[in-house]
Amino acid sequence: MTVMAKMKAFLGSLLLTLAVVPAGRAFDEVSGTLSARVNDVGQAADDLRDTINNKTISNEAIENRTYGFSNIGIPSAAVGIRFKKYNWHESETPEAKPASVQGILSAGDRALSRSKSVPPPEVTKAQERANGMFGMGKLGFESMEANKAGEYEYSAQSSALGRIDLNDFMKVMAMLVSQDLLYATVAHESRHANDHQDGTLSPDEVKAGEVAAFRTEYEYLETITHNGEEIATAWIKLNDLAERRHSAVVARAADYVFSLLALYRTKGDEKKLKEYVDKMGYQEGSAKTSKTSPFSS
């Protein structure tokens, strides 16, 4: 299957296809069983790290693999962004062990602090909210549905601050994906928390809430990357690794990064963000899982 065909097929499904992963195992989506040990993921991480350090990928290869995004619907930009090879800093390579919440938060904080761009106010507010909620014990890992990267649970009848949970799979995915990029989900869910505290988050108007959260997520990615080059490079390397190893776990990590790249290509445009939310499958009223505890994902 060509790269373009894979892109189109992938966009036809939910982009964030993360697995629920108990400690010590990774999910095999082919058999539907928990089969791959973390040390197997560690071997894949070592292979990926070797690929990154070798820096054999050419500028032309990255351009050819990413330029096609301009005409595949998300986003429907008239002109594609051309990427060049990005030289990873050592601190931006995947970790050698499963992630902690503190590790992801610290990675995001470092990425924002070393950026040459001043983070937009909504990103700073999301960062402050995430750190505050972690300190209160309201941000952690949780087993959840496979199509969720994270969620914010709150009471529709109360202004009391809710809770942010990240999919357990991120523990393992941190061995394959820079935690700088995993923090994008933290920024997204923290925006939901801020909107709840501001009284603007509604379980009835799901799409509006998601557009706002994805805009903050985009602004975070725009702040910490160089025109999205890191995201594109990470996806290409993970996609290639998944094809070489025939690994469902690595493929899931590649899919997560691909969703970030598709989001980045919206450039924060309101219309394109709405299209992105529609493609992700969000429906109005879908946050109301019960009368008292809706979720925003």
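Helices (H or I, at least four residues) and strands (E, at least two) are DSSP runs, numbered from the N terminus. The structure is a predicted model, in which local features need pLDDT of at least 70 and side-chain atom pairs count only at pLDDT 80 or more, while totals for chains, interfaces and linings use all residues. Residues are numbered from 1 along each chain as its sequence is written, and side-chain values use heavy atoms, with hydrogens and water left out.

The protein contains 11 helices and six strands. Of its 297 residues, 53% are buried, where buried means under 20% relative accessible area, exposed means over 50%, and partly exposed lies in between (1.4 Å probe, protein chains only). Contact is defined as heavy atoms within 4.5 Å. Among the contacts in the protein with a separation of 6 or more, 78% are between residues 24 or more positions apart.

Two packed helices are described by the angle between their axes and the distance between the axes. Here the axes are lines fitted to C-alpha atoms, for helices over the stretch in contact, and the angles run from 0 to 180 degrees between N-to-C directions. Helix α7 (residues 179-198) packs against helix α8 (residues 206-224) at an angle of about 140 degrees, and the two axes are 8 Å apart. The angle makes α7 oblique to α8; angles under 35 degrees count as roughly parallel, over 145 as roughly antiparallel, 65 to 115 as roughly perpendicular and the rest as oblique. The crossing of α7 and α8 is right-handed. A crossing is left-handed if the near helix is turned anticlockwise from the far one by less than a right angle, and right-handed if clockwise. On the α7 side, the contact is formed by D180, L181, Y183, A184, T185, A187, H188, R191, H192 and D195, which meet G209, E210, A212, A213, F214, T216, E217, Y220, L221 and I224 in α8. By class, the residues of this contact are 10 nonpolar, five polar and five charged. In this division Ala, Val, Leu, Ile, Met, Phe, Trp, Tyr, Cys and Pro count as nonpolar, Asp, Glu, Lys and Arg as charged, and the others, Gly among them, as polar.

Helix α8 also packs with helix α4 (residues 101-114), at an angle of about 60 degrees and with the axes 8 Å apart. Helices α4 and α8 are therefore oblique to each other. G108, A111 and L112 in α4 meet Y220, T223 and I224 in α8. The contact of α4 with α8 comprises four nonpolar, two polar and no charged residues.

Two residues of helix α7 were examined individually. D195 belongs to α7 and is buried, with a relative accessible area of 7%. Apart from neighbours within four places in sequence, D195 is in contact with T200, L201 and A212. H196 is also placed in α7 and counts as buried, at 7% relative accessibility. With neighbours within four places in sequence again left aside, H196 is in contact with Y152, Y154, S155, S158, S159, A160, G162 and L201. The side chains of H196 and Y152 are joined by a polar contact of 2.7 Å. A polar contact is a pair of N or O atoms within 3.5 Å; within protein, one must be able to donate a hydrogen and the other to accept it, and residues adjacent in sequence count only if both atoms are side-chain atoms.

The loop between α7 and α8 includes S202. A polar atom of the S202 side chain lies 3.1 Å from the backbone nitrogen of D204. S202 and A156 are 46 residues apart along the chain, and their C-alpha atoms are separated by 7.6 Å.

Most residues other than glycine have a negative phi, and most peptide bonds are trans. H246, although not a glycine, has a positive phi of about 50 degrees. This residue is in the loop between α9 (229-245) and α10 (248-264), and at 71% relative accessibility H246 counts as exposed. K267, likewise not a glycine, has a positive phi of about 55 degrees. K267 is placed in the loop between α10 and α11 (270-279) and counts as partly exposed, at 38% relative accessibility.

In helix α9, D240 is partly exposed at 24% relative accessibility. M280 lies in the loop between α11 and β6 (295-296) and is buried at 6% relative accessibility. From C-alpha to C-alpha, M280 and S259 are 9.5 Å apart in space and 21 residues apart in sequence.
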